[in-house]
Amino acid sequence: MVNPNTNLKVEAEEVPVAEEAPVKLEINDLTIKYGQHTALKGVNLEIREHEVFGIIGPANAGKTSFLKSINRMDTFDTNMSVEGQIKFNGLDIQDLKNIYALRSRIGVVFPLPVGLPLTIYENVALSPRLRGINSKSELDVIVERCLTRAALWDEVKDRLNSLGSLLSGGQQQRLTIARALSQDPDLLMLDEFSIAVDPVTTMRIEDVLKELKKDMTIILVTNLVQQARRLADRTAFFLENECVEVGNTEDLFTGEVKDQRTRDYVEGKFG
Amino acid sequence: MFAESDLNARNKRVQGLFRMLFLMMTVLLIVPVAIILFTLVSKGGGVISIDFLFTNPTDGMTAGGIFPALLGTVWIVAVALLASVPLGVAAAIYLNEYAGDNWFTRLIQLAIINLAGVPSIVHALFGVGAFVIFFGFGTSILAASLTLAIMTLPIVIVSTRESLRAVPQAFREACWNMGATRWQTIRRIVLPNAISGILTGVILEVSRTAGETAPIMFTGAAFFLPFLPQGVFDQTMAMSLHLFVVATQVPGVPEELPFGVALVLIAMVLIMNSISIAFRMYLRGKKKW
């Protein structure tokens, strides 16, 4: 007979084991500027493999800029500059010659869905095609798997050849998620993905994310602190262009915080 | 409660007045076009026949058909397109998809705008200096077409850029975010959605090229040639110059002949424009977002 209490204790002690998981992303003294305006300054944190890393904080705290810097989106915007160090699998991404390979390993989902002007099928098949997969049977498998994971397959399986951009907003967002998954990414970054999605579908996608954790690392930026609580293993709190603190999600929500502002935000006193 | 006050009545009168004014201005615009078409059809319609289109001019250009001029215009337009479309589209793709916003691209931008503003006679003289003399093409289809190509390049570049710009930036970023290179993004997302606008611009360029006279009269178009061009280094007759010649330079031309030539020329241009408009409407119906 196993004492239920002992059992609980063993599980509690398993948390530190996760902390020893290999580091996926190492952020050292990251500062992001748009021209003269500083969007984020002096961020230091680590994101480990196979964890869901939540980022919470009010609007304009620098959460989206943080994600953009990881995907090297600063190259799209001459106004955006990134200082400090971001190491992906131990490699400094500022030194990377092949940023295309970096981006192809990172799936990104932004708040507003972008259905590319292609059919539903081609939206999901595009990334595999970019990697050189052209066999119809292989693509079929990938498309079905990704759409199923994004909780969209049942709704679109009979009209895969109609335009993705004609889907409803919530469906387009799930299509965007399916497209991100079609990259077969190591790292999935979701930026307030549920803004355009109804609550039922949001819960379905959240279940999917819990599954995906086995295969990839997930960064979840969210305005819904309860969503971070449901999903994230560890959570960072961003406020006024700074990372206030990083901690185990449960600690943040049970009041074991280092900074009073975190407690106030989590309890809904501002934000 | 809703009784009409004096102020209401006055506002309505003024509004009606302006409506009439703008309507009349609009009607006024159509009048010259209608008169031109009516005159051409009524005075020149009689000479149009299959023979007129497909025989050589005879009797010192006072009789016969216009075939060499018609064919020459097709030659000139075709060669001009071969030169200007690849160049213009490539330049537009570079400017819109690759180049950043810096002094270099702004300079090119300025050059394109100025190129569009250069009078056609100046292009003609440039064509003589550059293509006829310097490159040694002589007065030939090639020299005439290249002169026209340079003159119409701004049209191609501007219309291509407009169509590229109409493709939302979010599509490009979504594609780049998946690890696509610029070229992969252009080929798979941008060009398929911009091609309709690009083609529309090309068709408009055709109608402009077909009608130009000054740039070709010193560079490749001949007053009269009894034979058809065999290649791009030959001279040729052209519709626009032929019209100028039979209308003003040759004595004893029957009155309806220049009208007939003008009618054919304007029909060529209108047909190209109509195709362009129909094409645009068709593709607009297929818009993907």
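Guide: Welcome! In this predicted model, strand S7 (residues 187–191) of chain A is mostly covered, with five of its five residues buried.

Visitor: What makes a residue of S7(A) count as buried?

Guide: The cut-off is 20 or more other C-beta atoms within 10 Å of its own. A:Leu187, A:Met189 and A:Asp191 point one way and A:Leu188 and A:Leu190 the other way, and all are buried, so each of them meets that cut-off.

Visitor: How do you know that S7(A) pairs with strand S6 (residues 106–109) of chain A?

Guide: Pairing needs at least two bridges. Four bridges join S6(A) to S7(A), so the two strands pair, and they run parallel. One of the links is between A:Gly107 and A:Leu188.

Visitor: And what makes S7(A) and strand S8 (residues 217–222) of chain A a pair?

Guide: Here there are five bridges, again in the parallel sense, and at least two are needed, so these strands pair as well. In S8(A), A:Ile219 is the bridge partner of A:Met189. The chain gets from S7(A) to S8(A) through helix H8 (residues 199–212) of chain A, in a right-handed β-α-β crossover.

Visitor: Why are 17 residues of chain A said to be in contact with chain B?

Guide: Contact means C-beta atoms within 7 Å, so each of those 17 residues has a partner in chain B within that distance; 18 residues of chain B take part. H3(A) gives the most to this side of chain A, with four residues. By class, the side divides into 10 nonpolar, six polar and one charged.

How values were computed. Residues are numbered from 1 along each chain as its sequence is written. Chains are lettered from A and ligands numbered from 1 in the order in which they are written. This is a predicted model: local features need pLDDT of at least 70, side-chain atom pairs count only at pLDDT 80 or more; totals for chains, interfaces and linings use all residues. Two residues are in contact if their C-beta atoms, placed from the backbone, lie within 7 Å. Ala, Val, Leu, Ile, Met, Phe, Trp, Tyr, Cys and Pro count as nonpolar, Asp, Glu, Lys and Arg as charged, and the others, Gly among them, as polar. A residue is buried if 20 or more other C-beta atoms lie within 10 Å of its own, exposed if 12 or fewer, and partly exposed in between; C-beta atoms are placed from the backbone. A crossover is right-handed if, with the strands pointing away from the viewer, the path from the first strand over the helix to the second runs clockwise.
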